[in-house]
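The structure is shown first.

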Amino acid sequence: MMKNLTLKKVIAVTKISLFATWCWPLPKNTVKLKVICVRLYQYLCLILTLSLTAGLMNTVKNHVDEPLIMAKSIIVMSPTVHVICNIICCKIYSRRLQLVTFEMENFSELLKPREEEIVQRYIDKCVYFYGGSILCIYLSAIVIITGPVTLDQPFPSNAEYPFVMYKQPLKSIIFVHQSFVFIQAAGQICMNVFIALLLWTTSARFELLTIELRAVTDIHGLIKCIREHKKLLQYAKEVVTIARPFALSTISLSTFALIIIGLILVTNQPLSIKIQCVGLTFSGLSEVFMYTWPAEHLMHISGEIRQAVFDTQWYKQSIALRKYLQIIMLKAQNPIVIAIPCVMPALSLNYYASVRKEFEYCFDVHHAHQSFGQIILHNSIRATSYFL
């Protein structure tokens, strides 16, 4: 276990993983010039990413009759669209992100030794998956950027532009441009880790409150817990409001990419391409799991408050205080759920299992109906190209 890895260090590592995006919320007392520079940088990133996305869309349009090239372009387009969605979400929710991040950092500063033990359990449980994910994300970006060294292609992606791309210095400019966008994509995918950190921190605070409720022995302690529960509910709602659009874009794009990968796997492709598809499959499922795991835990632990209140000596308290405890129990009957009505179901491990099973089913179909693979891939991707 990593006993020396405190919540402060986890926050610092997550902040470093977003260095290429400049999406970590700025402090309230930031000078105006720095705020302007960050906004200009994000607008520049948005323009550069849109230009690469347009090049990939042009590739799809030019190769309608070549399903494999189209599939590769669409898969590469997924992280670029992810960058665009994240930048827009960061702009829309910048104020809320700043507030919840400030409170999370303040919580890490004021942790007591007993509370640090609880938080340390969360860190030990999550550090390998999320730390490994950050490492794999940036390694994947480096592999893509260095692809022209080992593969028969001049640029990291197969984007095509309406002008001659192979003359200097334009060729070098395009290479640097695409490399920059892929580093941006790696940083924006790490936003999933940042949002997951907010969710896990919220869960830890609910667990600390549950422990405090069960240990309370006087009316003053109960009143303190009631106030803390009200404040924590407001904070959790803010975190969930922020998490929804990021989760929706991540899960939608990952699921779409998994569908394209599944269509590639049902065709007779070289072993090297199938190995790449397996790696991309793991990446897509990991992105979904980044949200469903903390969402499941938050949903469970926020509902534990009700049982914690019931375990207190409420029958020895005054009628007025019992009414307050009843209010807490009523509020705890509706656990914190990350969902968007009619758009995104409640995120949970059951939802993650359903996504994985659907992909496994598509892979099994490859063995049963391999002769129809080319027709399925061609027609499905061609239909997709009309929406692009």
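How far apart are the end C-alpha atoms of α4, and what should its 16 residues span at 1.5 Å a residue? In this predicted model, the end C-alpha atoms of α4 are 22 Å apart.

Within α4, the buried residues are Leu-97, Gln-98, Val-100, Thr-101, Met-104, Phe-107 and Ser-108. The cover over these buried residues includes α1 (7-17), α3 (67-92), α5, α8 and α9.

Phe-107 also belongs to the lining of the second largest pocket, where Phe-107, Glu-115, Arg-205, Glu-212 and Glu-228 lie nearest the centre. This pocket has a volume of about 510 Å³ and is lined by 15 residues. By class, nine of the lining residues are charged, five are nonpolar and one is polar. At least two lining residues come from each of α4 (94-109), α5 (113-145), α8 (191-215) and α9 (219-265).

The cysteines are a separate topic. No disulfides are found in a search of the whole structure. For Cys-90, the nearest cysteine sulfur is that of Cys-23, 3.8 Å away; a disulfide requires sulfur atoms within 2.5 Å, so Cys-90 is in no disulfide.

| Residue | Relative accessibility | Class |
|---|---|---|
| Cys-90 | 6% | buried |
| Cys-136 | 42% | partly exposed |

Cys-90 counts as buried because its 6% relative accessibility is under 20%. Cys-136, at 42%, falls between the limits of 20% and 50%, and therefore counts as partly exposed.

Conventions: Residues numbered from 1 in each chain as written. Predicted model: local features only at pLDDT ≥ 70, side-chain atom pairs only at ≥ 80, totals over all residues. Heavy atoms only, no water. 1 Å grid on protein atoms, 1.4 Å probe; cavity = no way out; pocket = protein on both sides within 12 Å on 5 of 7 lines; lining within 4 Å. Points joined across faces, edges and corners; volume = space filled by probe spheres on them. Helix = DSSP H or I, 4+ residues; strand = E, 2+ residues; numbered from the N terminus. Nonpolar A, V, L, I, M, F, W, Y, C, P; charged D, E, K, R; others polar. Expected span 1.5 Å × (residues − 1). Buried < 20%, exposed > 50% of the residue type's maximum accessible area, 1.4 Å probe, protein only. Contact = heavy atoms within 4.5 Å.
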